Amino acid sequence: MEYRQLGKTNFRISRIGFGCWGIGGHGYGKVDDRESIHTIRHAVDLGINFFDTADVYGFGHSEKILAKALGTKKKDVVIATKFGVRWNDIGKRWKDISPEYLTIALENSLKRLEVDCISLYQIHWPDDKTKIEDVMTALLKFRDAGKIQYIGCSNFTLEQVQAAYRIGRVESYQYSYNILNRINDRKIKELANKFDMGGMVYSVLGRGLLSGKYNLNSRFGKNDTRIHDPDFIGKKFVHNLEVLEKFNQLCKTYGKSSVQTSIRWVLQNGHVDCAIVGLKTEKQVEEVMGALHWELNHDDMALIDSFCREKTTGLSRKV
């Protein structure tokens, strides 16, 4: 495994992080909890020590499965969770980062994860109603009380990060980032350089698009949120598949899969500390290990840039 210090924290985390959305059992199709537990334990055995989840993943189920799988090994890894997306009994979701909801969400996550302190507690999404300064003030109180070790943010604008910093330090950020979606390039660079924040990116495989297993005939179940994702619909889906056809040819010259090469491309961004990859099976864990300890050469990095930008100009969706 490759490891890197996460910002100014005392965490030395695996450069591949275990994304826990899929194991929640909602949003990526059905999962087997027993398989999820085996997958998490296998990941630990292979050196993955960073697990990223959120209370809304599976409406709490992801956190519970993660806690059960890790057991006493929780002390040996970094568990990062998020709050800010509420839900009701019928699964309707909405954003809420108010201090009032934070209090409820934090206590629930502590119980589900079976810990006294959350290593990295992140604001999942801003809600456009709550002042960032207000939620930061509340988060700092919980940090001082020993319930949070470090504070992180996800999907913030640069202005929102600056607003948070007027109150206290934010240790890490998360943005969507892959070869097809680079809209967050500027944010990643500025936050690393200006604030020395730890950098993590998700959707590294484009929600599975970069796995190479989908084509124009692919279909998703009604509970799979990708049925509403523009990357998998219409002209943009066609364009993405055209890019991937070229990309896959390059991957073969390295003897690597599209999954491994996509992750390697992300890890070669010097501002990215950790690529968070959604993992659901032991086989997937073993495959992503092939993204480590090698590099794409300069010419091939430029080649990827050329055909990705050519095909995706004007098509990238805002994140």
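By nonpolar core I mean a set of buried Ala, Val, Leu, Ile, Met, Phe, Trp, Tyr and Cys residues joined through side-chain atoms within 4.5 Å, with buried meaning under 20% relative accessible area for a 1.4 Å probe, protein chains only. The largest such core here holds 87 residues, and Phe18, Phe51, Phe83, Leu139 and Ile263 have the most contacts inside it. Another core, of eleven residues, lies apart from it and includes Phe11, Phe50, Cys274 and Ile276.

This is a predicted model: local features need pLDDT of at least 70 and side-chain atom pairs pLDDT 80 or more, while totals for chains, interfaces and linings use all residues. Side-chain values use heavy atoms, without hydrogens or water, and residues are numbered from 1 along each chain as its sequence is written.

The chain's average pLDDT (the predictor's confidence in each residue, from 0 to 100) is 90, and 92% of residues score at least 70. Residues 311-319 fall below 50, yet that stretch has 23 contacts (heavy atoms within 4.5 Å) beyond near neighbours in sequence.

Now the helices, which are DSSP runs of H or I, at least four residues, numbered from the N terminus. Axes are lines fitted to C-alpha atoms over the stretch in contact, with angles from 0 to 180 degrees between N-to-C directions. H1 (residues 33-45) packs on H2 (residues 61-70) at about 55°, axes 9 Å apart. Among the residues in contact are Ile37 and Ile40 of H1 and Ile65 and Leu66 of H2.

For H5 (residues 158-165) and H6 (residues 185-195), the axes come within 11 Å and cross at roughly 25°. Their contact includes Tyr165 of H5 and Phe195 of H6.

How values were computed. Buried < 20%, exposed > 50% of the residue type's maximum accessible area, 1.4 Å probe, protein only. Helix = DSSP H or I, 4+ residues; strand = E, 2+ residues; numbered from the N terminus.
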